[in-house]
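Open the model in your viewer and keep the selection panel to hand.

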Amino acid sequence: MRNIEHFIGGRSVAGASGRFGDVFNPSTGAVQAKVALASAQELDRAVDNAAQAQRDWARVNPQRRARVMFEFKRLLEANMDSLARLLSSEHGKVLSDARGDIQRGLEVIEFSCGIPHLLKGEHTQGAGPGIDAYSVRQPLGVVAGITPFNFPAMIPMWMFGPAIASGNAFILKPSERDPSVPVRLAELMLEAGLPEGVLNVVHGDKETVDAILKHPQIRAVSFVGSSDIAQAVYAEGARHGKRMQCMGGAKNHGIVLPDADLDQTVADVIGAAYGSAGERCMALPIVVPVGEKTADALREKLLAAIDGLRIGVSEDPQAHYGPVVTAAHKARIEDYIRIGVEEGAELVRDGRGFSLPGHEGGFFLGATLFDRVKPEMKTYREEIFGPVLQIVRADSFEQALELPSRHQYGNGVAIFTRNGDAAREFVDRVEVGMVGINVPIPVPVAYHSFGGWKRSGFGDLNQYGTDSVRFFTRTKVVTQRWPKGGAVTDQSFVIPTMR
Ligand code: NAD
């Protein structure tokens, strides 16, 4: 059995804790590797290494740091296929989607190539008599990222791209369910010219995360995962004086107004609801048609599209989506479908019991569709994170607007319409962090920032874009005066002012 080791100080380091996690092949259901789970002592060694490496890395000028990012981007492109295969084999998403996962991370690396410009401070000449004021952005030191299973390439790059380009050293604690791609990314960063120890991958579980949150030398932690854990991690890290940003779960709504182009809307909703087996925080698991006529027409078209879906192993180029990540996750999704029926939603298509011939052990689920889901239902309120689409019928624009605004999560939302006035009103009033207008998955481009509202995000600076440069640096403001020789000013016991 293959062992997946840590990557510390520029080389593989075998786990010493005696603890291991299983890594499955979701298409077959078999355990394909064991991943080492780090103890606090192993983390200590990685942080010591990182702290040493960071001192020199911070002194490398920003343009040279950007060159490492450029070369890393080139290597990502050259290794795209092998990375995508590795990613699919542990996550289960189809190859084309795995490439998208890597590509969205690569785009943040492209953004990070602009670091010389992004780190520039501000300058005021003549802030007072002979006085200039300026600000500089300096790296924090050693920082850490804790990432979820569903984007094992993109989300690590969201974090380590801007952090490392800004002059920090990075400890990445990826998901223990698909840990191989993060290690490969660290190897490629080394090949791109990053000094040893600047990017370290320490595998682990809660025990490792707890050690990160307590570690006195780790200055900031970026976390992406489910909301309860995000909130607990946020509080614990803050208690230890760290700068924290923690992104949580989601339940995104797609509002369909009566004037929407229904064929285009159905194509968009189907892809966003079932792509990656619904295991995306920007998936669209709820669709809200406004008016019964829109709802009936939408339902009919959705059914036709669902019946045309092909579910297959991740290497199947014809498959629209693959298996979910583990048997436990599959069981959890099936449980939600059972609850949905019990609480009175209309089960229109049932994905339970789907089996792929030749891959009976794989963690596959067919596409599920519920209609007449109500806001008070548990299956509406909670994140299912699987190939389950729920129709919630609304009577009016106001009612449709209230649904995402009142939901506990506020990650993404989409509105489908041809009416610019309605769309503008929606953008203005909806209480959600990322909004799509006729765009089903409104993940912001790499030079904006990504973050949800309410229980989808804890902390005030978002992922990537200029927010992440602010998150991974601290500002120093300098006030300088160079008195002319001989011109001694009087003693003053009054706070200096600009009068
Ligand atoms: P998860 O919360 O189970 O795990 C996330 C990370 O936390 C992993 O590295 C895991 O090892 C660690 N972890 C697990 N249990 C822990 C505990 N008790 N204490 C401390 N750390 C712990 O999430 P997941 O299942 O890997 O990923 C899916 C979730 O992530 C979904 O809720 C999804 O919506 C969310 N997500 C959010 C975003 C976003 O940007 N908002 C993006 C992707 C995924």
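What volume does the largest pocket have? The largest pocket has a volume of about 970 Å³. Before selecting anything, note that this is a predicted model, in which local features need pLDDT of at least 70, side-chain atom pairs count only at pLDDT 80 or more, and totals for chains, interfaces and linings use all residues. Residues are numbered from 1 along each chain as its sequence is written, and side-chain values use heavy atoms, with hydrogens and water left out.

**Stop 1: the largest pocket**

Select Arg177, Phe223, Gly225, Ser226 and Ile229, which are the closest to the pocket centre of the 42 residues that line it. A pocket here is an open set of points, on a 1 Å grid over the protein atoms alone, with protein on both sides within 12 Å along at least five of seven lines; a cavity is a set where a 1.4 Å probe fits but cannot get out, and lining residues have an atom within 4 Å of a point. Grid points are joined across faces, edges and corners, and a volume is the space filled by probe spheres set on the points.

Next, colour helix H8 (206–214), strand S11 (218–224), helix H9 (227–239) and helix H12 (327–342); each supplies at least two residues of the pocket lining. Helices (H or I, at least four residues) and strands (E, at least two) are DSSP runs, numbered from the N terminus. H9 gives the largest share of this lining, six residues. By class, the pocket lining has 19 nonpolar, eleven polar and twelve charged residues. In this scheme Ala, Val, Leu, Ile, Met, Phe, Trp, Tyr, Cys and Pro are nonpolar, Asp, Glu, Lys and Arg are charged, and the others, Gly among them, are polar.

**Stop 2: the cavities**

Searching the whole structure gives two cavities of 30 Å³ or more. The largest cavity holds about 100 Å³ of space. To find it, select Gly278, Arg280, Ala283, Pro285 and Phe385, the closest to its centre of its 13 lining residues. The lining of the largest cavity divides into seven nonpolar, three polar and three charged residues.

For the second largest cavity, with a volume of about 30 Å³, select Phe7, Gly10, Ala186, Met189, Leu190, Leu194, Glu196, Gly197 and Leu199. Helix H7 supplies the largest share of this lining, three residues. The second largest cavity is lined by six nonpolar, two polar and one charged residues.

**Stop 3**

Axes are lines fitted to C-alpha atoms, for helices over the stretch in contact, and angles run from 0 to 180 degrees between N-to-C directions.

Show side chains for Val68, Met69, Phe72, Leu75 and Leu76 of H2 and for Leu185, Leu188, Met189 and Glu191 of H7, which make the contact (heavy atoms within 4.5 Å). This contact has eight nonpolar, no polar and one charged residues.

**Stop 4: H10 against H11**

Select H10 (residues 262–274) and H11 (residues 292–307), whose axes come within 10 Å and cross at roughly 55°. H10 and H11 are therefore oblique to each other. Leu262, Asp263, Val266, Val269, Ile270 and Tyr274 in H10 meet Ala297, Leu298, Lys301, Leu302, Ala305 and Ile306 in H11. The contact of H10 with H11 divides into ten nonpolar, no polar and two charged residues.

Terms used:
Angles under 35 degrees count as roughly parallel, over 145 as roughly antiparallel, 65 to 115 as roughly perpendicular and the rest as oblique.
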